[in-house]
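Please have the viewer open while I talk.

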Amino acid sequence: MTKDDARNLFMDYLYGELDAELTRNLELFISKHEDLKQEFEELSGTRSLLQHLPVQSPVEQLVIMEPEKESAKTSGNWWSTLTSLLLPQSSFGRTGFAMATFVFLFFMMGAFTNMNFSVGDGGVNLTFGEVAPVQTGYTAAQVEMIINQVQQENAQLINEYVLAAQEQQEVQFQQTLSTFAQYFDDQRESDLELFNYSLTSLEETTYNRFQQTDQVLGEIIQTVSTN
Amino acid sequence: MEDAQLVQDFLGGNHQAFNVLIKRWQDKIHHFAYRYFASSDDAAEITQKTFIKAYQKLNTLEDTSKFGSWLYRIANNLCLDELKRAGRKKSTSLEALKTAPQTEMASPADGKLIRNEALVLLHKALLQLPNDQRMVVIMKEYEGLTFREIAEILDESENTIKSRMYNGLRALKKTFDSWNINKEVFSYD
């Protein structure tokens, strides 16, 4: 046995997992080597210190609760059996059943509470108990008040209409005057231009006649002088 | 009644058999987790999760005679998961512990105080071990499992487990020496 072999057996020996023959051999070998003996004592001493480590026990005991059995759930409860027979099983059926139940309860409640349901100009009316009498027609005071109100509204409306018509007529008259003045100015300018043009034409014509006359006279004078 | 029989009863529909198993193993799993984290809250949480997982997965246990080892394996995996989940927090606290505390051998009147302090340091020294060594030391020293059982639980060879145990004890010895923790400290009562 070598020292490494002995060290490999230390852990088994320290915790009593070494068989008897190997234990005797190891103890004999250790007794002959002081360094191994000291090393084993250190390991043993470390182990004895570890034994002092305190520990805390759990505060409460854990318990696993047994899940409720399906058979007990259905057979042991007569109410569950009854409801499962009466009520629809599908979600669609349950929804329809719930709506029908609600409508039935609604009408039952209406029957017991004299519920009245009506539709008028102001919307839908839902009332319970005795219905208050509805007043039909107007009183004389209300009719007079309505006539006065209508007359006032008509007078105001006519007044506003007349004012608006007057304003419109004034605007149209001013527009007409303005248009006529503009037309008169344009006509006058046109006549002046025509007159000016005529004068210029006459002046040019006269000038040309004078030149023609001078030319004829010159030709005559020349002819006479030549002869 | 043996664990294997209780497991069979539970698989046969007797839920109370599982409560018997809980009663039998709760303390051990709690102690295991408490020594691993040095926290009652963490230990309680790991214990609860261990039994919930065992309840859900018990039908996957092939050899019912190894229920204990199987339970420790679940607890061990949950401890490692917890370390990963809160790794930063745990490692920070462990780093803080690496500063050597001052323990003075005072008068015998302070003996009880010194002993209490030494007990705290003992746990701190254990927490300073690497996870794989700490797990083996706890399983061997406190849970009393054989090296073969630990090897099965951690899915390692027996020699690897013994090597981790040896190195763990050597590391603890160094820490105890540096913090002046010795058997005289615990002789005060």
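In this predicted model, the axes of helix 1 (residues 3–14) of chain A and helix 2 (residues 20–32) of chain A come within 11 Å and cross at roughly 120°, where axes are lines fitted to C-alpha atoms, for helices over the stretch in contact, and angles run from 0 to 180 degrees between N-to-C directions. That angle makes helix 1 of chain A oblique to helix 2 of chain A, since angles under 35 degrees count as roughly parallel, over 145 as roughly antiparallel, 65 to 115 as roughly perpendicular and the rest as oblique. The crossing of these two helices of chain A is left-handed; a crossing is called left-handed if the near helix is turned anticlockwise from the far one by less than a right angle, and right-handed if clockwise. On the side of helix 1 of chain A we find Ala6(A), Leu9(A) and Tyr13(A), and they meet Leu22(A), Thr23(A), Leu26(A), Phe29(A) and Ile30(A) in helix 2 of chain A, with contact meaning that the C-beta atoms of two residues, placed from the backbone, lie within 7 Å. By class, this contact has seven nonpolar residues, one polar and no charged, and here Ala, Val, Leu, Ile, Met, Phe, Trp, Tyr, Cys and Pro count as nonpolar, Asp, Glu, Lys and Arg as charged, and the others, Gly among them, as polar.

A word on conventions. Local features need a pLDDT of at least 70 and side-chain atom pairs count only at pLDDT 80 or more, whereas totals for chains, interfaces and linings use all residues. Residues are numbered from 1 along each chain as its sequence is written, while chains are lettered from A and ligands numbered from 1 in the order in which they are written.

Chain A as a whole comes to seven helices and two strands, with the order α-α-α-α-α-α-β-β-α from the N terminus; helices (H or I, at least four residues) and strands (E, at least two) are DSSP runs, numbered from the N terminus. How many of the residues of chain A count as buried? Of its 227 residues, 4% do, where buried requires 20 or more other C-beta atoms within 10 Å of a residue's own, exposed 12 or fewer, and partly exposed anything in between, with C-beta atoms placed from the backbone. Among contacts in chain A between residues at least 6 apart in sequence, 27% join residues at least 24 apart.

Chain B has nine helices and zero strands, and buried residues make up 32% of its 189 residues. In chain B, 67% of the contacts between residues at least 6 apart in sequence join residues at least 24 apart. Where pLDDT is low, the predicted coordinates should not be read in detail.

Within chain B, helix 2 and helix 3 pack at an angle of about 140°, with their axes 8 Å apart, which makes helix 2 of chain B oblique to helix 3 of chain B. Their crossing is right-handed, and the residues of this contact divide into eleven nonpolar, five polar and one charged.

Two loop positions also deserve a look. Asp155(B), in the loop between helix 8 (147–154) and helix 9 of chain B, has a phi near 55°, a positive value in a residue other than glycine, and Asp155(B) is exposed, with 8 other C-beta atoms within 10 Å. Asn180(B), in the segment after helix 9 of chain B, has a phi near 60° and is partly exposed, with 17 other C-beta atoms within 10 Å.

Finally, the complex: the predictor gives an ipTM of 0.81 and a pTM of 0.58. The contact between the chains takes 35 residues from chain B and 24 residues from chain A. Which element of chain B gives the most to the side that touches chain A? Helix 2 of chain B does, with eleven residues, and by class that side of chain B has 17 nonpolar, ten polar and eight charged residues.
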